[in-house]
Amino acid sequence: MRPYAQMVSVGAYVPEKTLSNRDLERMVDTTDEWITKRTGIQTRHIAAEDEATSDLAYHAAKQAMERAGVGPEAIDLVIVASISGDYLFMPSTACVLAHRLGIKGVGALDVLAACSGFIYALSSAKAYIESGMARCVLIVGAEALSRFVDYTDRGTCILFGDGAGAAVIRASESPENRVVDVKIGADGEFQDFLITPGGGSRHPAHGALDKAHCQFMQMRGNETFKVAVKTLTQDVQTILARNGVSASEIKHFVPHQANYRIIKAVGDALGLSEEQVVMTVAKYGNTSAASIPMALNDLYEAGRLKKGDRLLLDAFGGGLTWGSALLDFAGD
Ligand code: UT7
């Protein structure tokens with residue numbers, strides 16, 4: 001009989017420094033009122049100068065491992081989802097993180113799926129465990145996005161924040177409290193909706209990067225917004241339908257935190273109550289791959305995430321990529 005995959009713990013970390021809407025008013029032509037009304041964001045956390053993405057990931061991962069009661073020797077695969085890795089493109093942030101955690105000699109890989117990264121990592125962890133190729137996988141979403149934000153572009157700089165979240169995914173012989181289903185998708189047709197154009201092989205770093213600001217993230221916000229609402233709604237409807245689960249059976253809907261209007265639109269389309277929808281965007285902004293595990297950790301620390309709780313996760317981001325997951329939490 002093949003093993004099942006369980007999410008047995010979560011953890012998270014946010015850097016100390018914050019950047020409020022009022023701070024941003026002094027940097028670009030914007031207002032607290034505009035940002036709050038259009039995005040729901042009030043503040044975001046910013047990594048210290050000496051903190052890179054793997055440093056944020058380390059604290060989140062350590063907490064998740066402690067809560068799962070697993071040491072470095074128990075982990076047999078490390079997956080880090082990030083679009084703001086320590087280095088471009090080598091070594092991977094997963095290698096740096098595994099070394100710092102004392103995890104030796106097992107696979108470590110980065111997943112590049114922007115805001116959908118955590119769901120992509122979860123789908124890989126589930127597949128590795130169910131195929132018997134791994135027994136205990138550490139998955140992390142971690143971002144130091146502030147390093148790639150253009151703080152002269154009011155269309156993007158008001159959105160993004162830094163942080164990390166992690167989970168331990170473990171094999172179990174019992175089907176109880178398992179990761180029931182994960183669904184991922186992508187469409188490169190809209191590759192320029194969210195893009196960091198410079199530094200790769202298309203526009204190498206030795207080109208005229210600074211002039212064009214092309215080492216920073218760029219976004220066609222309004223177009224992205226419309227595709228996000230449509231895709232996310234269809235995606236969650238599909239994963240619920242194919243598992244015969246109704247929206248009312250979901251204890252917590254934990255979507256990627258990009259904009260409260262997107263979250264509300266998807267929640268309303270599913271007929272979810274306010275109580276079911278988890279919203280952390282006000283205090284963290286958009287932390288890309290880290291946003292879902294950070295939100296899970298918030299729920300956990302508030303005493304609201306209990307063993308057996310049915311979770312629906314949902315994300316959308318650059319690529320374009322998207323994904324959703326249905327699981328029953330297996331942590332204590
Ligand atoms: O995480 C991955 C996926 N990302 C997303 O899903 C993000 C999706 N997009 C969004 O969240 C929203 O599109 C934004 C929050 C980025 C923008 O909100 P919007 O309601 O789509 O505004 P818009 O881009 O259509 O701009 C409306 C107006 C424009 O002015 P005019 O042309 O009407 O005069 C913008 O120039 O708002 C202006 N504007 C701003 N005004 C004050 C744009 N940014 C700002 C700003 N402050 N920061």
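This is a predicted model: local features need pLDDT of at least 70, side-chain atom pairs count only at pLDDT 80 or more; totals for chains, interfaces and linings use all residues.
Trainee: Let's start with H3 and H4. At what angle do they pack, and how far apart are their axes?

Mentor: The angle is about 50°. The axes of H3 (residues 53-68) and H4 (residues 93-101) are 10 Å apart.

Trainee: What does that make H3 relative to H4?

Mentor: Oblique, because angles under 35 degrees count as roughly parallel and 65 to 115 as roughly perpendicular.

Trainee: Is the crossing of H3 and H4 left-handed or right-handed?

Mentor: Right-handed.

Trainee: Which residues in H3 and H4 meet?

Mentor: From H3, they are Thr53, Ser54, Asp55, Ala57, Tyr58, Ala61, Lys62 and Met65. From H4, they are Thr93, Val96, Leu97, Arg100 and Leu101. By class, this contact of H3 with H4 has seven nonpolar, three polar and three charged residues.

Trainee: Now H8 and H9. What are the angle and the axis distance there?

Mentor: H8 (residues 221-242) and H9 (residues 260-270) pack at about 35°, with axes 9 Å apart. The crossing of H8 and H9 is right-handed.

Trainee: And how do the residues of that contact divide by class?

Mentor: The contact of H8 with H9 has 11 nonpolar residues, two polar and one charged. H8 brings residues including Phe225, Val229, Leu232 and Val236. Among those they meet in H9 are Arg261, Ile262, Val266 and Leu270.

Trainee: Change of topic. What volume does the largest pocket have?

Mentor: About 1,200 Å³.

Trainee: How many residues line the largest pocket, and which lie nearest its centre?

Mentor: The lining has 40 residues. Nearest the centre are Ile83, Phe89, Leu112, Ile195 and Thr196.

Trainee: How does the lining divide by class?

Mentor: Into 18 nonpolar, 18 polar and four charged residues. Strands E9 (194-195) and E10 (218-219) each supply at least two residues of the lining.

Trainee: On to the backbone. What kind of peptide bond runs from methionine 90 to proline 91?

Mentor: A cis one, with omega near -5°. Proline 91 is in the loop between strand E4 (77-81) and H4.

Trainee: Which residues does the cis bond with omega of about -10° join?

Mentor: Glycine 319 and leucine 320. Leucine 320 is in the loop between strands E12 (310-317) and E13 (321-328).

Trainee: What is phi of asparagine 177, then?

Mentor: Near 50°, a positive value in a residue other than glycine. Asparagine 177 is in the loop between strands E7 (163-172) and E8 (179-186).

Notes:
Residues are numbered from 1 along each chain as its sequence is written. Side-chain values use heavy atoms; hydrogens and water are left out. Axes are lines fitted to C-alpha atoms, for helices over the stretch in contact, and angles run from 0 to 180 degrees between N-to-C directions. Helices (H or I, at least four residues) and strands (E, at least two) are DSSP runs, numbered from the N terminus. Angles under 35 degrees count as roughly parallel, over 145 as roughly antiparallel, 65 to 115 as roughly perpendicular and the rest as oblique. A crossing is left-handed if the near helix is turned anticlockwise from the far one by less than a right angle, and right-handed if clockwise. Contact means heavy atoms within 4.5 Å. Ala, Val, Leu, Ile, Met, Phe, Trp, Tyr, Cys and Pro count as nonpolar, Asp, Glu, Lys and Arg as charged, and the others, Gly among them, as polar. On a 1 Å grid over the protein atoms alone, a cavity is a set of points where a 1.4 Å probe fits but cannot get out, and a pocket is an open set with protein on both sides within 12 Å along at least five of seven lines; lining residues have an atom within 4 Å of a point. Grid points are joined across faces, edges and corners, and a volume is the space filled by probe spheres set on the points.
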